[in-house]
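Here is a short report on one structure. Please read it with the model open beside you.

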Amino acid sequence: MAYINQLIQDAQKYLMNTYQPLPLLPNKGIESRLYTEDGSVYIDFLAGISVNNLGYSNKHVQKALHSAVDHLIHTSNYFYIPSQVKAAQLLVEQSFADKVFFSNSGAEANEGALKIARRKAYQQYGPQKNEVIAFTHAFHGRTLATMNMTDNASYREGYGPHPEGFTFVPYNDVKAFSESISERTAAVILEPIQGEGGVHVAHDDFMVALRELTQRFDAALIFDEVQTSMGRTGKLFAYEHWGIEPDIMTLAKALANGVPIGAILAKSDYAEVLTPGSHGTTFGGNPLATSAAVSVMEVMLNEDIPALAAKRGDYLRTGLQRLAQDQPLIQEIRGKGLLIGVELKQAGAAIVQAMLERGFIINCTQGNVLRFLPPLIIREAEIDAMLAALSEVMAKISGQGSHTE
């Protein structure tokens, strides 16, 4: 305990104050479980915010990483990197895309996708076609450009002047979108299922309208699948649920199961606007990250992890729906696969804390939406244990009539 207290003091002294970490010190992870320095065990329904889709300590990923470390951790993109080429090949073969660019994060991938869309619009129509449409509740990152596509004004406060040309339209509102898109629109970006924004799922007619209108106005349709890809929703990529292909898609988070990486996937007519010197990265696609990405793709495909996520997602959703029948705190359950949101009628922080005290890591977003993002390999017995604890916690809170957070 003395070590943890000293670590907290040192962190507060030396790290910039951008997060408020829980007073936990995980030092080992196995499958869906995290083990802390003091010997406690937690079942993780957050998975590093949808990063550890294959769980902790996956043997295939570990083997790939050990091999990369033994041979070459980093070189540069001035050389050919076999694992980078292989990772790109696997992604292209499993998606709509023709080309891939690797970056370091989801925000960097979204920045790159935006650059591609605007550059193509500029080359074909000139500088006046530069506007970007994003949607309410969206989260696309915290860099200077991506935070202007993120629907949280507090993220932008004090960072002006901001890049111009960004507009927010209500999510799932076909009429508002059709009235907003124009000849000046260069790109439309959305998450097929919003994660940070409260686990809102795109409606079928909304997705159809997005595709039809972006094609009519020759604007890029960008799907931000940073959180929803790599089997999370029961498909390898979430867009497969609708059968509608974007022009550009961004990935990150679970792509290398914990090794930092991002990726832009694009159809050839968009990819070809990038030429040597027009975009770049120092670390993106290096041997370590892409070796991990190749191993993740191999496990995803060989073990049909998306199907497992769909099955376990149905199991979790059924349990939550059963809980909702007797639990007045629950307003709505939504999501796909193992990206599930439970909207509450009150704030959720007290529930998150009470669940942590019982050995379960869950998340609350937007103040009142419990977000469940466990590793896709989570066992039904672990789901049962979490549901039993959640039922107990909710019964206690609703019985007390507490509305505190």
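Which residues in H3 meet which residues in H10? His-60, Val-61, Ala-64, Leu-65, Ala-68 and Val-69 in H3 meet Pro-287, Leu-288, Ser-291, Ala-292, Ser-295, Val-296, Glu-298 and Val-299 in H10. Contact means heavy atoms within 4.5 Å. By class, this contact of H3 with H10 has ten nonpolar, three polar and one charged residues. Here Ala, Val, Leu, Ile, Met, Phe, Trp, Tyr, Cys and Pro count as nonpolar, Asp, Glu, Lys and Arg as charged, and the others, Gly among them, as polar.

This is a predicted model: local features need pLDDT of at least 70, side-chain atom pairs count only at pLDDT 80 or more, and totals for chains, interfaces and linings use all residues. Residues are numbered from 1 along each chain as its sequence is written, and side-chain values use heavy atoms, with hydrogens and water left out.

The helix axes come within 9 Å and cross at roughly 155°. H3 and H10 are therefore roughly antiparallel (an angle over 145 degrees).

Next comes a sheet. Four strands form an open sheet with mixed pairing, in the order S1-S2-S3-S15. Strands pair if DSSP finds at least two bridges between them. S1 and S2 pair in the antiparallel sense over four bridges. Within that pair, Gly-29 stands opposite Leu-34 in S2.

The elements below are DSSP runs (helices H or I, at least four residues; strands E, at least two), numbered from the N terminus.

| Element | Residues |
|---|---|
| Helix H3 | 59-71 |
| Helix H10 | 287-302 |
| Strand S1 | 26-30 |
| Strand S2 | 33-36 |
| Strand S15 | 360-361 |

How values were computed: Axes are lines fitted to C-alpha atoms, for helices over the stretch in contact, and angles run from 0 to 180 degrees between N-to-C directions. Angles under 35 degrees count as roughly parallel, over 145 as roughly antiparallel, 65 to 115 as roughly perpendicular and the rest as oblique.
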